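Open the model in your viewer and keep the selection panel at hand. The tour goes stop by stop.

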Amino acid sequence: VTLPLLTGETTSVDSSRSAPANSSLLSGVRVLVVDDEADARMTLGAILEQFGAEPTVVGSAPDAFDQISRDCPDVLLSDVAMPGEDGYTLIRRIRATVDASGLPAAALSAYVGGDSQAHALDAGFQAYLAKPVDPTLLATTLATLVHRPE
């Protein structure tokens, strides 16, 4: 869609909005993103890349568990509401696995009311983020989980 400008009007682009304030905040951090929604996976992957992360995106909890078994990431970002095996079950399986029991993990959910956060933390996540997630909050939360200074 193209919108014409009014004659005599000029536009400017705020460069501070086009790039993250600290684009190296997650430099080299391998993030496993789990979300059953393709658009969400693509968006989260793109956001993480802007902060220097190396995201791997998968669409289900079983795919995530398989990925972790092959190559454990530095941090996990998982949607909690997925069909079949949900994020809560995934994190419990991960915590029961000796090799991945210490994997830092953040839950991602569109459900922000009630005891959703407490449920996620009880299941084994260390952080809880609400959708839609603010890109800077996402990056700083993951950086904190992998013990990187902001």
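**Stop 1: H3 against H4**

Select helix H3 (residues 61–70) and helix H4 (residues 87–96): they pack at about 25°, with axes 10 Å apart. That angle makes H3 roughly parallel to H4. (Angles under 35 degrees count as roughly parallel, over 145 as roughly antiparallel, 65 to 115 as roughly perpendicular and the rest as oblique.) Axes are lines fitted to C-alpha atoms, for helices over the stretch in contact, and angles run from 0 to 180 degrees between N-to-C directions. Helices (H or I, at least four residues) and strands (E, at least two) are DSSP runs, numbered from the N terminus.

This is a predicted model: local features need pLDDT of at least 70, side-chain atom pairs count only at pLDDT 80 or more, and totals for chains, interfaces and linings use all residues. Residues are numbered from 1 along each chain as its sequence is written, and side-chain values use heavy atoms, with hydrogens and water left out.

Now show side chains. H3 contributes Ala 61, Ala 64, Phe 65 and Ile 68 to the contact, and H4 contributes Leu 90, Arg 93 and Ile 94 (contact means heavy atoms within 4.5 Å). Six of these residues are nonpolar, none is polar and one is charged. Here Ala, Val, Leu, Ile, Met, Phe, Trp, Tyr, Cys and Pro count as nonpolar, Asp, Glu, Lys and Arg as charged, and the others, Gly among them, as polar.

**Stop 2**

**Stop 3**

Which order do the five strands take? The open sheet runs E2-E1-E3-E4-E5, with parallel pairing (two strands pair if DSSP finds at least two bridges between them). Strand E2 (54–58) and E5 stand at the edges with a single partner strand each, so one side of each has no neighbour in the sheet. The twist averages 20° from one strand to the next.

Go to strand E1 (residues 30–34). E1 pairs with E2 in the parallel sense over five bridges. Val 31 has Pro 55 of E2 as its bridge partner. Bring H3 back: H3 lies across E1 and E2, at about 160° to E1.

**Stop 3: E4 to E5**

Select strand E4 (residues 105–109) and strand E5 (residues 127–130), which run parallel and are joined by four bridges. Ala 106 stands opposite Ala 127 in E5.
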